[in-house]
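Please describe the fold and selected local features of the chain shown here.

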Amino acid sequence: MNRNLRALIVQACHNSRADPSGSTCNEYGSAGQVVVWHREFLVGYLKLILKEFTIHMQHDDRFPEPDSASAAHSQRVVEFMRERIAAAGGSISFAEFMQHALYAPGLGYYVAGASKFGVAGDFVTAPEVSRVFGRVVARQVAEVLAGLDDGAVFEYGAGSGRLAADVLGALNELGVLPVSYDILEVSPDLRERQECLLRDEVPELMRLVRWVDGPPEDFTGVIIANEVLDAFPVERFRCTADGVQQICVTGHGDSFATIAADAPGIIQDAVAVIERDLGQALPPGYESEVSLGLREWLVSLGTTLRQGVAFLFDYGVSRREYYAPDRDGGWLRCHFRHHAHGDALILPGIQDITAWVDFTAVAEAAVASGMEVAGFAPQAQFLMGGGLDLELQSMESLPAKAQLELSAQVKTLTLPGAMGENFKCMALRRGGAKVPSAFRLTDRTHTL
Ligand SMILES: C[S@@+](CC[C@H](N)C(=O)[O-])C[C@H]1O[C@@H](n2cnc3c(N)ncnc32)[C@H](O)[C@@H]1O
């Protein structure tokens, strides 16, 4: 029995001893007393569990206060946002609010130096959880590169540079280096961090790495984007009996509030596509998101990729799940100091704002841009099909502590309640590139 549980039970016995009825754990002379004892024990035990649970909740789940520097920074973003709202006549679209909160030059979450990743930041991504993630991705990259002449790698939004370092290091070990490893990063401070990490960890491969300001043309090779699509600003909409409304943001005292206005044609059209695909209208009151930027990005990806595979990793679902009746509040998720919540209007500039990805929309836009879906699988199945077993083969030779750490990391990457199921990989291909072997175990393209 778990020691804490045992301690709780012992304490529950003590509590019931103190009960005015005078019954104890050990002294029960009649069936009636047994029933009383059981009831008292159970009540004492439940009270203790409740107390422990309350302490645990207070300890772990209290929303953290921003420190004074972060609070001052957020206040500057609030002022900036207010100016934009005033200039726009009283409100801005939710997508514009999200764009400023994340990317306003010198102010937005991704461009103003916040820690973002890891323990000191707000969230962790798969490459930050374990280097095994990047090593398995590298195996898939190697497979694709092996079938191409002079293939390169192009990574969107490389975060801390962790994935780039792990992929490059593993490709080097596999003897399948790309002709170049280009990174497109919109955040100047992340560019710097990426360069430091790569210089530290793979100095001998720096000759391959370049930071670019836009996607290449006629690209041959592998494109990688991990948790980039969820960072694109989304439009929020509400369905009413009279049509679709756009959810906008306005000032409200010291903070912000949402208001609804008639949706512009582009949002009405996007909702019409969704409803047509679902085969029914979304009910009045239904609220959700649609990522218009995602479509544009995939069009640009289609013009970029001439031959090769793009691996897109993100948390997301098929359209049917995305716009399911019970998801009538949408899929926004914000992160502040490892607390996930749904209020995008608070802490502008110092919290991450994301929206889950409608992978059916990704597939549609990709096909319309001349690419083909090569596979779609939950992260766990992608990793298991992609060589996770090979990466873990040498695990037994590690010291016990390292084995435990690695096993905990693999659990985080693969368990359904952690990152295994909600995170997906969609691979897009063009020009006859090989279908990645990672999808040999599971390919859920048919669910899109
Ligand atoms: C959640 S972070 C993920 C970082 C990294 N890929 C990882 O897995 O740790 C999102 C990244 O996408 C970048 N980003 C956002 N929009 C982008 C865009 N349109 N093009 C390229 N990078 C973008 C951000 O600056 C950031 O590096």
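Arg-337 lies in the loop between β11 and β12. Strands here, like helices, are DSSP runs numbered from the N terminus, with at least two residues (E) for a strand and at least four (H or I) for a helix. The phi of Arg-337 is near 45°, a positive value in a residue other than glycine. Arg-337 is partly exposed because 19 other C-beta atoms lie within 10 Å. On this scale a residue is buried if 20 or more other C-beta atoms lie within 10 Å of its own, exposed if 12 or fewer, and partly exposed in between, with C-beta atoms placed from the backbone.

The model is predicted; local features need pLDDT of at least 70, side-chain atom pairs count only at pLDDT 80 or more, and totals for chains, interfaces and linings use all residues. Residues are numbered from 1 along each chain as its sequence is written.

Strand β11 (residues 332–336) and β12 pair in the antiparallel sense over 3 bridges; two strands count as paired if DSSP finds at least two bridges between them. Across this pairing, Phe-336 stands opposite His-339 in β12. β11 also runs antiparallel to β13, joined to that strand by 4 bridges, and Arg-333 stands opposite Thr-354 in β13.

**The hairpin of β7 and β8**

Strand β7 (residues 243–252) and β8 run antiparallel and are joined by 8 bridges. The bridge partner of Cys-248 is Ile-259 in β8. The two strands form a hairpin with 2 residues between them, and Gly-253 in the turn has a positive phi of about 60°.

Ala-257 is found in strand β8 (residues 255–262). Ala-257 counts as exposed because it has 12 C-beta neighbours inside 10 Å. Apart from neighbours within four places in sequence, Ala-257 is in contact with Thr-250 and His-252, where contact means C-beta atoms, placed from the backbone, within 7 Å. The C-alpha atoms of Ala-257 and Ser-91 are separated by 9.6 Å, although these residues are 166 residues apart along the chain.

Asp-218 sits in the loop between β4 (209–212) and β5 (219–226). Its phi is near 50°, a positive value in a residue other than glycine. Asp-218 counts as exposed because it has 9 C-beta neighbours inside 10 Å.

Pro-188 belongs to helix α8 (residues 188–201). Pro-188 is partly exposed, since 13 other C-beta atoms lie within 10 Å. Its C-alpha atom is separated by 8.4 Å from that of Ala-112, 76 residues apart along the chain.

| Residue | C-beta atoms within 10 Å | Class |
|---|---|---|
| Arg-337 | 19 | partly exposed |
| Ala-257 | 12 | exposed |
| Asp-218 | 9 | exposed |
| Pro-188 | 13 | partly exposed |

**Packing of α3 and α4**

Helix α3 (residues 68–87) and helix α4 (residues 94–103) pack at an angle of about 145°, with their axes 11 Å apart. The contact is made by Val-77, Phe-80, Met-81 and Arg-84 of α3 and by Phe-97, His-100 and Ala-101 of α4. These residues divide into 5 nonpolar, 1 polar and 1 charged. Ala, Val, Leu, Ile, Met, Phe, Trp, Tyr, Cys and Pro count as nonpolar, Asp, Glu, Lys and Arg as charged, and the others, Gly among them, as polar.

**Ligand shell and whole chain**

Of the 19 residues around the ligand, Thr-125, Gly-157, Gly-159, Ser-187 and Asn-226 come nearest; a residue is near a molecule if its C-beta atom, placed from the backbone, lies within 6 Å of it. By class, the shell has 11 nonpolar, 5 polar and 3 charged residues.

The chain has 16 helices and 16 strands. Of its 448 residues, 42% are buried. Among contacts in the chain with a separation of 6 or more, 78% come from residues 24 or more positions apart.

Definitions and conventions
Axes are lines fitted to C-alpha atoms, for helices over the stretch in contact, and angles run from 0 to 180 degrees between N-to-C directions. Two residues are in contact if their C-beta atoms, placed from the backbone, lie within 7 Å.
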